[in-house]
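Below are my entries, in the order I looked things up.

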Amino acid sequence: MHLESEKVSIAKSQKETFEFLKNVENFKKLMPESIEKFEMLSTDSFLFQLKGMPTIKLKLEKTEPNHLVLLAAASDKLPFTLRGEIEEVNERESSVQLIFEGEFNSMMAMMIKNPIKKFITTLSENLKDI
């Protein structure tokens with residue numbers, strides 16, 4: 001399954017946006033209102049739970065300075081990644097696109113496609129306000 005958010009413009013430099021996203025604790029500020037739980041597990045991993053969804057653990061898997069932040073699920077039950085691609089618009093503005101990729105059976109994919117699409121859309125919309 002491959003889902004992409006729209007690219008959103010952020011009134012911060014590419015470096016500032018990258019620094020914000022690589023600090024996984026900041027994802028708490030981006031979560032939808034339906035969040036029921038958010039807990040830091042370490043400096044590079046956290047868990048969260050949205051209403052009606054299982055608890056999901058994410059860890060910072062990889063970064064490429066000022067361009068890429070890659071989070072991966074810390075469980076084999078729901079294997080997926082969430083990639084944030086950051087581009088410079090100018091020295092005071094950047095754009096971000098979130099990309100979700102996962103391997104699910106067709107039944108699971110059907111059930112989670114809309115909630116995941118809504119989730120990454122909310123994360124990217126909330127990025128505008130950082």
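**Entry 1: a strand residue and its partner**

Is Glu87 buried, partly exposed or exposed? I looked it up and found Glu87 partly exposed, at a relative accessible area of 35%. I note here that the model is a predicted one.

Next I checked what the Glu87 side chain meets. It forms a salt bridge with the side chain of Lys7, at 3.3 Å from N to O.

**Entry 2: the whole chain**

I then stepped back to the fold. I counted three helices and eight strands in the protein chain. Along the sequence they come in the pattern β-β-α-α-β-β-β-β-β-β-α. The radius of gyration is 14 Å, close to the 14 Å from the globule rule for 130 residues, so the chain is as compact as a globular protein of that length.

I also took down the span of the C-alpha trace along its principal axes, about 45 × 30 × 25 Å. Buried residues make up 40% of the 130 residues. Of the contacts with a separation of 6 or more, 48% are between residues 24 or more positions apart. The accessible surface comes to about 7600 Å², and carbon and sulfur atoms hold 47% of that.

**Entry 3: helix α1**

Which residues of helix α1 are buried? I listed Gln14, Thr17, Phe18, Phe20 and Leu21, in a helix that covers residues 14–22. Looking down the axis of α1, I found these buried residues within an arc of 160°, so they line one face of the helix.

I went on to the charged residues of α1. Lys22 forms a salt bridge with Glu19, and their closest N and O atoms are 3.6 Å apart. Why can these two be partners? Side chains of opposite charge can pair when their charged atoms come close. Lys22 and Glu19 are three residues apart in helix α1, so about one helical turn separates them. I noted Lys22 as partly exposed at 34% relative accessibility. Glu19 is partly exposed too, at 33%.

**Entry 4: more salt bridges**

How many salt bridges does the structure hold? I noted eight. One of them joins the side chains of Arg83 and Glu101, at 3.6 Å from N to O. Arg83 sits in strand β7 and Glu101 in strand β8 (residues 93–102), 18 residues apart, and the pair links distant parts of the chain. Glu101 is partly exposed, with a relative accessible area of 30%. I also found a network: salt bridges with shared partners join Lys15, Glu19 and Lys22.

**Entry 5: a methionine patch**

I turned to the surface. Met107, Met110 and Met111 form a nonpolar patch there, with about 380 Å² of accessible area together. I located Met110 in helix α3 (residues 106–127). Met110 is exposed, with a relative accessible area of 63%.

**Entry 6: a backbone angle**

Last, I looked at Asn66. Its phi is near 65°, a positive value in a residue other than glycine. Most residues other than glycine have a negative phi. I found Asn66 in the loop between β5 (56–64) and β6 (68–73). At 25% relative accessibility, Asn66 counts as partly exposed.

Conventions. Residues are numbered from 1 along each chain as its sequence is written. This is a predicted model: local features need pLDDT of at least 70, side-chain atom pairs count only at pLDDT 80 or more; totals for chains, interfaces and linings use all residues. Side-chain values use heavy atoms; hydrogens and water are left out. Patches are made of residues with over 30% relative accessible area and no salt bridge: like charges are joined within 9 Å, nonpolar side chains (Val, Leu, Ile, Met, Phe, Trp, Tyr) within 5 Å. Accessible areas come from the Shrake-Rupley method with a 1.4 Å probe; for residues, only the protein chains shown count as cover. A salt bridge is a side-chain nitrogen of Lys or Arg within 4 Å of a carboxyl oxygen of Asp or Glu. Helices (H or I, at least four residues) and strands (E, at least two) are DSSP runs, numbered from the N terminus. Buried means under 20% relative accessible area, exposed over 50%, partly exposed in between (1.4 Å probe, protein chains only). The radius of gyration is taken over C-alpha atoms; the globule rule is 2.2 Å times the number of residues to the power 0.38. Contact means heavy atoms within 4.5 Å. The arc is that of the directions from the helix axis to the C-beta atoms.
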